[in-house]
Amino acid sequence: MKKTAYSFPEEVLEHVFSFIVSDKDRSSISLVCKSWYEIERWCRRKVFVGNCYAVSPPILIKRFPELRSVTLKGKPHFADFNLVPEGWGGFACPWIRAMAGAYPWLEEIRLKRMVVSDESLEIIAKSFKNFKVLVLSSCEGFTTEGLAAIAANCRNLRELDLRESEVEDLSGRWLSDFPDSYTSLESLNISCLGNEVNLLALERLVSRCPNLKTLRLNRAVPLDRLPNLLRGAPQLAELGTGAYTSEMRPDVFSNLAEAFAGCKQLKALSGFWDVLPSYLPAVYPVCSQLTSLNLSYATVQSPDLIKLVSLCEKLQKLWVLDYIEDDGLEILAASCKDLRELRVFPSDPFGLEPNVALTEQGLVSVSEGCPKLQSVLYFCRQMSNAALNTIARNRPNMTRFRLCIIEPRSPDYLTLQPLDDGFGAIVEHCKDLRRLSLSGLLTDRVFEYIGTYGKKLEMLSVAFAGDSDLGLHHVLSGCDNLRKLEIRDCPFGDKALLANAAKLETMRSLWMSSCSVSFGACKVLGQKMPRLNVEVMDESGPPDSRPESSPVEKLYVYRTVAGPRLDMPGFVWTMDDDSALRIS
Amino acid sequence: MENCSFEKVVGLNLEATELRLGLPGCADEHDQKHSSSCSYSSSSSSSSSLSGVVRTNKRSSPEESIDGGHEEEPKSSKKAMISQNSSNHDDDDQDKNVPPSKAQVVVGWPPIRSYRKNNGIQQQKKKGEEVIDGVGMYVKVSMAGAPYLRKIDLKVYNSYQELLMALENMFKCTFGEYSEREGYNGSEFSPTYEDKDGDWMLVGDVPWNMFISSCKRLRIVKGSEAKGLGCL
């Protein structure tokens, strides 16, 4: 058969494709023609599934038979704030079982907001001979027994990262299950564990793994054991301390300072629970090399924070409590010219009165002083349109902007007007803005701005905002790149949703809770759009026991090629074609 | 546990449950949801939206002893809080606001992860006790007859009173008066818990701090089941 001038041998194409790693590009390649689709799918090694219910294990395995790395995300983002009831879903087990059979050479599993059982961990431990990376981010459902299975069996494990997961910590013994011959650990994050791990085992593990670059300890590791650990791993690049407090003894301090000074490659620090301020200077020797500093558990006051931060001239990422106050942020702005990401968390989120002198001014200072600032998460108690305007004009390079004014519906504190114009300025000037979280008093107008200017916006979080369906309509019709929209407590209802039903197929997901979407509209949406799963959550009973016009408690809509899911708990109803039959 | 099938819940009015998690010391009224409304119309009561978040001041939370009974927050302080915040509300909302004497709870606001909630110096000093770990202290709560488990974060509560109020709201039940000798008198349900040793105890039998550090899970049982429990 004559080959056309345009065809290359498969091996050549495969080789070319191996240089293309981004998922988007891989996806584009696969759409060129049938043969490229075929070649691409056989040589795809890494897959990211942003919503585990958008596809199913059989579908994934059928298309990509030779994966080495799989990333799955389960629950919606608002699960982080207790808005998704227990038992909702996101079960990893079916995936892990299926992959155990299909991918004996699987090396990496990364899960986020999924329910993982000990059984699943045991399957992982026994099924993948070359298993290297396990990242469980904000997961739950497993115990330290599951971790023991991983430690005992995964000879080639490089990375074990349990960040922010909820682990039933039965005992710290599991760490001892890493055999003495095991030396390949590169990254260990156990910061979420409650109990003390076997410290001797930890020290031995750390000192026999020469490639260990990341070590994030949990709070239960006492400070006086830290120097030994550091001396066992002077090549560490990222360290999360345990509790940062101890009896104040000069020998403990000097031991610690010396150990830190020995870590010439240390770039990132975190941990710092229960900080005793007089121990902070022990880290001064490494400050000038730090690019990342997470002090969000450090309950120390502004002066101590300032002393520390002002020494970190290379800092790119700072997470800190609002104890830093406006003064501290001003110093930060003057000292850390390379800052790219700032997160300021509230020390007293439920207090009625401000407990610290942190206002919008702090953020304004940083926006003025740090030319590379592009990612912000800021909790505060007052904001003004003027400040937002200034921030927007200072930082048109902003890509992620999340502002949480603690009191819902707070207006501009100077003018008492809504903050529409301020956020409008943000979306107008920050043309590359990909993520935005709103707060404060907002009318439909802010959504008009967002729809008009937010052309690159991919994720939008809205709470207690807007006046009418028009607000939602602006966003759905205007934001061309919107992938994730999460809304709570807003007066958005049926009209905007149904008018923009087709838009929902271009997005990963839509979450609406405590809004005005009626059960009837959900049914219509589910029936009209077979490629969407329209799930209604209602803990007070079946939605059809109330009038069709009743608003649903929670609505979660996502595109899928896998049809309605089969693992829904009793409080979740799917609005597909058969829904009418199923419920009644 | 991952792939359990749940019975559909019919008739069990749990509509208030989700909203009652999180903030301690709040006196909750189920009717609030029906009467609270915002500037948009809602034909039913399942909206949880609130036009004003009245957070209780932790410093005035009820005393720790379970025998203290169910105190209501003093009405005057609530009114003061509302008027303080009144400039933050739409004018419309103020008229439709619930009576200021009721506290309201907003689940998931401010949007911070549970393990960050107890990080303030104030919280730590106020509790006067060592904060055991940096993460939440989640325990499962089950109830005889209820089809699925709930989970609560014990860290969020400062006293038996707060905890029991939260449980009562979550499961729409009431516990009677607690007494050491007779347990929960005058109620259909009693709260029990499993401690570190695997023993089932009646909630309230041990001092609060001891309870917090030993409670592994909670279970709400019918009155008769609770008779055999408790400290000897």
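**Figure 1. Strands S18 and S19 of chain A are parallel neighbours.** Five bridges join S18(A) to strand S19 (residues 484–488) of chain A, and the two strands run parallel. Strands are taken to pair if DSSP finds at least two bridges between them. Within this pairing, A:Val462 stands opposite A:Ile487 of S19(A). From S18(A) the chain crosses through helix H18 (residues 469–478) of chain A to S19(A), and this β-α-β crossover is right-handed. A crossover is called right-handed if, with the strands pointing away from the viewer, the path from the first strand over the helix to the second runs clockwise. Helices (H or I, at least four residues) and strands (E, at least two) are DSSP runs, numbered from the N terminus. The model is predicted: local features need pLDDT of at least 70, side-chain atom pairs count only at pLDDT 80 or more, and totals for chains, interfaces and linings use all residues. Residues are numbered from 1 along each chain as its sequence is written, chains are lettered from A and ligands numbered from 1 in the order in which they are written, and side-chain values use heavy atoms, with hydrogens and water left out.

**Figure 2. Strand S18 of chain A is covered on both faces.** Strand S18 (residues 459–463) of chain A has five of its five residues buried, so it is largely enclosed by the rest of the structure. Buried means under 20% relative accessible area, exposed means over 50%, and partly exposed lies in between (1.4 Å probe, protein chains only). On one side of S18(A) are A:Met459, A:Ser461 and A:Ala463, and on the other are A:Leu460 and A:Val462; all are buried. Strand S17 (residues 435–437) of chain A runs parallel to S18(A) and is joined to it by three bridges. In this pairing, A:Ser437 stands opposite A:Ser461. S17(A), helix H17 (residues 444–453) of chain A and S18(A) make a right-handed β-α-β unit.

**Figure 3. Strand S2 of chain A pairs with S1(A) and with S3(A).** Four of the five residues of S2(A) are buried, so this strand is largely enclosed by the rest of the structure. Strand S1 (residues 46–49) of chain A is joined to S2(A) by four bridges, and these strands run parallel. The bridge partner of A:Lys46 in S2(A) is A:Ser69. S1(A), H4(A) and S2(A) form a right-handed β-α-β unit. The pairing of S2(A) with S3(A) is also parallel and extends over five bridges, with A:Val70 opposite A:Ile109 of S3(A). Another right-handed β-α-β unit consists of S2(A), H5(A) and S3(A).

Figure 4. In H5 (residues 93–102) of chain A, the residues A:Cys93, A:Trp95, A:Ile96, A:Met99 and A:Ala100 are buried. An α-helix has 3.6 residues a turn, so residues three or four places apart point the same way. What covers the buried residues of H5(A) includes helix H4 (57–63), strand S2 (69–73), strand S3 (108–112) and helix H6 (118–127) of chain A.

**Figure 5. Aromatic rings form pairs in the structure.** A search of the whole structure finds 22 aromatic pairs over all chains. Rings of Phe, Tyr and Trp (its six-membered ring) pair if their centres lie within 6.5 Å; planes under 30 degrees apart count as stacked, over 60 as edge-to-face and the rest as tilted. The pair of A:Phe17 and A:Trp36 is edge-to-face, because the ring centres are 5.2 Å apart and the planes are at 65°. A:Phe17 lies in helix H1 (residues 10–17) of chain A and A:Trp36 in helix H3 (residues 34–43) of chain A, so the pair ties together parts that are 19 residues apart in sequence. A:Phe17 is buried, with a relative accessible area of 2%, whereas A:Trp36 is partly exposed, at 26%. The rings of A:Phe178 and A:Tyr182 have centres 4.8 Å apart and planes at 15°, so this pair is stacked. Both A:Phe178 and A:Tyr182 are buried.

**Figure 6. A:Arg565 sits over the rings of A:Tyr53 and A:Trp88.** One aromatic cluster is formed by A:Tyr53, A:Phe78, A:Phe81, A:Trp88, A:Trp511, A:Tyr556 and A:Tyr558. The charged end of A:Arg565 sits over the ring of A:Tyr53, 4.5 Å from its centre. A:Arg565 also lies over the face of A:Trp88, at 4.3 Å from the ring centre. A charge counts as sitting over a ring if NZ of Lys or CZ of Arg is within 6 Å of the ring centre and within 35 degrees of the ring normal.

Conventions: Contact means heavy atoms within 4.5 Å.
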